[in-house]
Amino acid sequence: EDSVRPMHEIYALLQEKRTDEAHVRFQRFQVQLSQCLPAATFDSLKVTVTSAYHRLQQENQARESMKSVYGLLERGKVGRAHAEFTKLRPTLRRDAVPAEFDSLKKVGGQEYKRNQDKIAAAAITKAIHTLLKQKKAGKAHGRFQQARDSLRQRLSASSFDSARVSVETAY
């Protein structure tokens, strides 16, 4: 009975999601267990521990990769974060805890969309200001009216009002 106690302890640790400890314990008692357990039982234990440990390593690596993407988002490097996430997506989908992957996908997607919206709004306002500088107030007014709803959603209130006033004053 004492000779198989480590096996029971290892399985208990795995049940408790203490995979690192189970792996260390297995390494420590591997020789003893291989001698006292039937080959099929030992092989099953070895595969179970090895698979669980490998899965834990994959999850840990995925978490580190996700931290780097979150770090880029926090520093405002949305484009780089999106590129990194896109590159890592297949690996993260396979290795990350599903809820963690979904959370990053949602947050990263929202940040990327907001960033793309800002870029689009900046391009529209730049085109309008260019038309105003070229003394094409009618075209600038038309472009502003065409993009009015979009700009209202994408720009801050003060930026929107500034663009509106510039166009209306020139028109």
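User: How many salt bridges are there, and what makes a pair of side chains count as one?

Analyst: The count comes to 12 salt bridges, the rule being that a side-chain nitrogen of Lys or Arg lies within 4 Å of a carboxyl oxygen of Asp or Glu. The model is a predicted one, in which local features need pLDDT of at least 70 and side-chain atom pairs count only at pLDDT 80 or more, while totals for chains, interfaces and linings use all residues. Residues are numbered from 1 along each chain as its sequence is written, and side-chain values use heavy atoms, with hydrogens and water left out.

User: What makes R5 and D2 a salt bridge, and how exposed is each residue?

Analyst: The N to O distance between the side chains of R5 and D2 is 3.1 Å, which is within the limit, and the pair therefore qualifies.

User: What does the salt bridge between E9 and R25 tie together?

Analyst: The side chains of E9 and R25 meet at 2.2 Å, N to O. E9 lies in helix α1 and R25 in helix α2, so the pair ties together parts that are 16 residues apart in sequence. Here a helix is a DSSP run of H or I of at least four residues, a strand is a run of E of at least two, and both are numbered from the N terminus. With 25% relative accessibility, E9 is partly exposed; R25 is also partly exposed, at 22%.

User: Where do R164 and D161 lie, and what makes them a salt bridge?

Analyst: Both residues belong to helix α7 (residues 157-170) and are 3 residues apart, about one turn of the helix. An α-helix has 3.6 residues a turn, so residues three or four places apart point the same way. The closest N and O atoms of R164 and D161 are 3.7 Å apart, and the pair therefore meets the rule. R164 is partly exposed at 22%, and D161 is partly exposed at 34%.

User: Which residues are linked in a network of salt bridges?

Analyst: The network links E16, R18 and E21.

User: By how much does helix α2 bend, and how is the bend defined?

Analyst: Helix α2 (residues 19-36) bends by about 65° at F29, the bend being the angle between axes fitted to the seven residues ending there and the seven starting there. F29 is among the buried residues of α2, which also include T19, A22, H23, F26 and L33. These buried residues pack against α1 (5-15) and α3 (39-74), where contact means heavy atoms within 4.5 Å.

User: Why does H141 count as buried, and what does it touch?

Analyst: H141, in helix α6 (residues 137-154), has 18% relative accessibility and therefore counts as buried. Leaving aside residues up to four places away in sequence, H141 touches V167 and Y171.

User: Why does A62 count as buried, and which residues does it touch?

Analyst: A62 has a relative accessibility of 4% and therefore counts as buried. A62 is part of helix α3 and touches L92, D95 and A96, not counting residues up to four places away in sequence. A62 and V97 are 35 residues apart in sequence, with their C-alpha atoms 8.4 Å apart.

User: What kinds of residues line the largest pocket?

Analyst: The lining divides into 3 nonpolar, 1 polar and 4 charged residues. Ala, Val, Leu, Ile, Met, Phe, Trp, Tyr, Cys and Pro count as nonpolar, Asp, Glu, Lys and Arg as charged, and the others, Gly among them, as polar. The lining residues are L14, K17, T19, D20, A52, R55, L56 and E59. The largest share, 4 residues, comes from α3.

Key: Buried < 20%, exposed > 50% of the residue type's maximum accessible area, 1.4 Å probe, protein only. 1 Å grid on protein atoms, 1.4 Å probe; cavity = no way out; pocket = protein on both sides within 12 Å on 5 of 7 lines; lining within 4 Å.
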